[in-house]
Amino acid sequence: MKFAKIIAIFGISVFSCMILYASQNNPFMINANQRDFQAQQNNKGKKHLTTESVQLPSNARELKSVTLTFQNLDGTTESKQLKVDKTIDWHYPIKITQQEAIRNISKRYFSLNDFEFYMEGKTFVISSPKHRILRHFLLANPTTIVVDFSRDKGAAYDGNIGTGEKYYAKVGVNAKSNLYRVSIELDGIYQYTLKSAKNNTHTIQLR
């Protein structure tokens, strides 16, 4: 059987550093180069990359490599090739995603899988339009707020992001057999309240 050689080329504007570090003024502070890039992209009116997909032809059986063509801060372009060399099912599209990227650093807004998060001070907001909240509780060592949501045939997922900031130190989303578990690790011992709105937005307040 003849295998198709497929190279998916995406024009991606990326910045040179994806490191998050703590700041008293902004839990997702970025360096000067990233700020310049963000301003440049805002001026161009381009949207932040979330997910792009490409549907391969029906005779495709093996993905050999993926080439990413990206623009640097100084305007130059480069390409980076990722060797894959794996069999594929052409029925399902090939996807490239940056869902875990910080989407709006100044507003402390980020996402993991189908969940979107917003944090400011002792307030933490979870938006889950696709999933219903089931229960929430507090664990110790380290102090962690756990919020379980219905999975509703959602895809398998296991990811986390560290904020490096006080109060909410780390956020993770993990798919169990019949639910998604959102784990919010705190930097100390706190009590909390959780209030839910009709639009599947849930607000946590520490005390």
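Which residue takes a positive phi in the hairpin of β3 and β4? That is Gly75, with a phi near 95°, and the hairpin has 5 residues between its strands. Strands here, like helices, are DSSP runs numbered from the N terminus: at least two residues of E for a strand, at least four of H or I for a helix.

Before going on, the ground rules. This is a predicted model, in which local features need pLDDT of at least 70 and side-chain atom pairs count only at pLDDT 80 or more, while totals for chains, interfaces and linings use all residues. Residues are numbered from 1 along each chain as its sequence is written, and side-chain values use heavy atoms, with hydrogens and water left out.

Now confidence. pLDDT is the predictor's confidence in each residue, from 0 to 100. The protein has a mean pLDDT of 77, and 71% of its residues reach 70 or more. Where pLDDT is low, the predicted coordinates should not be read in detail.

Strand β3 (residues 62–71) runs antiparallel to β4, and 9 bridges join them; two strands pair if DSSP finds at least two bridges between them. Thr69 has Ser79 of β4 as its bridge partner, and Thr67 stands opposite Gln81, also in β4. Strand β4 covers residues 77–87, and of its 11 residues the count of buried ones is 0. Buried means under 20% relative accessible area, exposed over 50%, and partly exposed in between, with a 1.4 Å probe and protein chains only.

Next, Thr51, in strand β2 (residues 51–54). Thr51 has a relative accessible area of 30%, so it counts as partly exposed.

Then some backbone exceptions. Most residues other than glycine have a negative phi, and most peptide bonds are trans. Asp152, in the loop between β11 and β12, is not a glycine but has a positive phi of about 50°. Asp152 counts as partly exposed because its relative accessibility is 44%. Asn200 also has a positive phi, near 60°, and sits in the loop between β15 (192–196) and β16 (201–206). At 23% relative accessibility, Asn200 is therefore partly exposed. The peptide bond between Asn141 and Pro142 is cis, with omega about -5°. Pro142 belongs to the loop between β10 (133–139) and β11.

Last, the second largest pocket. On a 1 Å grid over the protein atoms alone, a pocket is an open set of points with protein on both sides within 12 Å along at least five of seven lines, and a lining residue has an atom within 4 Å of a point. This pocket holds about 180 Å³ of space. The elements giving two or more residues to its lining are β12 (158–162), β13 (168–175) and β14 (179–186). Strand β13 gives the largest share, 5 residues. The lining has 14 residues in total, and Asn160, Val171, Gly172, Val173 and Ser183 lie nearest the centre. By class, 3 of the lining residues are nonpolar, 6 polar and 5 charged. Ala, Val, Leu, Ile, Met, Phe, Trp, Tyr, Cys and Pro count as nonpolar, Asp, Glu, Lys and Arg as charged, and the others, Gly among them, as polar.

Conventions:
On a 1 Å grid over the protein atoms alone, a cavity is a set of points where a 1.4 Å probe fits but cannot get out, and a pocket is an open set with protein on both sides within 12 Å along at least five of seven lines; lining residues have an atom within 4 Å of a point. Grid points are joined across faces, edges and corners, and a volume is the space filled by probe spheres set on the points.
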